[in-house]
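Colleague: I would like to learn how to read a model of this kind step by step. Could we take the features in turn, with the general idea before the particular case?

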Amino acid sequence: MPYVNIKVTDENVTKEQKQALIKGTTQLLVDVLNKNPKTTFVVIDEVSTDNWGVGYDQVTNIRQLTDE
């Protein structure tokens, strides 16, 4: 019973994109590990960019610097 947890920053990920992640991840586990898709769980967590850090900084700050 595979459980996959995908974490992405909360930056307008669409319902369709999430569905593609769920479908693709499930198919990968079917293809590579021969897992049953009916018992494969995929959870997508959207994390605020304030709560996601890269290096020494929050992603919120990094995004603001790249937008300037």
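Modeller: We will go from the overall layout to the strands, then to the charged pairs, and finally to the loops. Please keep in mind throughout that this is a predicted model.

Colleague: How many helices and strands are there in the chain, and which pattern does the chain follow along the sequence?

Modeller: The chain holds 2 helices and 4 strands, and when these are read in sequence order they give the pattern β-α-β-β-β-α. The radius of gyration is 15 Å, well over the 11 Å that the globule rule gives for 68 residues, so the chain is more spread out than a compact globule. In keeping with the topic of overall shape, the C-alpha trace spans about 45 × 25 × 15 Å along its principal axes.

Colleague: What share of the residues counts as buried, and what share of the contacts with a separation of 6 or more comes from residues 24 or more positions apart?

Modeller: Of the 68 residues, 18% count as buried. As for the contacts in the chain with a separation of 6 or more, 65% of them are made by residues 24 or more positions apart.

Colleague: Which feature does UniProt place at residues 2-55?

Modeller: The UniProt record, an unreviewed entry, places the feature "domain: 4-oxalocrotonate tautomerase-like" at residues 2-55. In the model, that stretch is 35% helix and 30% strand, and its end C-alpha atoms lie 31 Å apart.

Colleague: How should I read the charged pairs, and how many salt bridges are counted?

Modeller: The general idea is that side chains of opposite charge can pair when their charged atoms come close. Here the count comes to 3 salt bridges. One of them joins the side chains of Asp45 and Lys7, with 3.2 Å from N to O. Asp45 lies in strand 2 (residues 41-47) and Lys7 in strand 1 (residues 3-9), so this pair ties together parts that are 38 residues apart in sequence. Asp45 is partly exposed at a relative accessible area of 27%, and Lys7 is likewise classed as partly exposed, at 47%.

Colleague: Where does the salt bridge partner of Glu11 lie?

Modeller: Glu11 forms a salt bridge with Arg63, and the closest N and O atoms are 2.9 Å apart. Glu11 sits in the loop between strand 1 and helix 1 (15-33), whereas Arg63 belongs to helix 2 (residues 59-67), and the pair therefore links distant parts of the chain, 52 residues apart. Glu11 has a relative accessible area of 31% and is partly exposed, while Arg63, at 36%, also counts as partly exposed.

Colleague: Which residue meets Lys18 in a salt bridge?

Modeller: The side chain of Lys18 meets that of Glu46, at 2.8 Å from N to O. Lys18 is in helix 1 and Glu46 in strand 2, so the pair ties together parts that are 28 residues apart in sequence. With 24% relative accessibility, Lys18 is partly exposed, and Glu46 is partly exposed at 34%.

Colleague: What is the phi of Asn34, and where is Asn34 found?

Modeller: The phi of Asn34 is near 60°, which is a positive value in a residue other than glycine. Asn34 is found in the loop between helix 1 and strand 2, and at 68% relative accessibility Asn34 counts as exposed. Asn36 also lies in the loop between helix 1 and strand 2, but Asn36 is partly exposed, with a relative accessible area of 39%.

Terms used:
Residues are numbered from 1 along each chain as its sequence is written. This is a predicted model: local features need pLDDT of at least 70, side-chain atom pairs count only at pLDDT 80 or more; totals for chains, interfaces and linings use all residues. Side-chain values use heavy atoms; hydrogens and water are left out. A salt bridge is a side-chain nitrogen of Lys or Arg within 4 Å of a carboxyl oxygen of Asp or Glu. Buried means under 20% relative accessible area, exposed over 50%, partly exposed in between (1.4 Å probe, protein chains only). UniProt positions are given in the numbering used here, feature names are shortened, and annotations may be inferred rather than shown by experiment. The radius of gyration is taken over C-alpha atoms; the globule rule is 2.2 Å times the number of residues to the power 0.38. Contact means heavy atoms within 4.5 Å.
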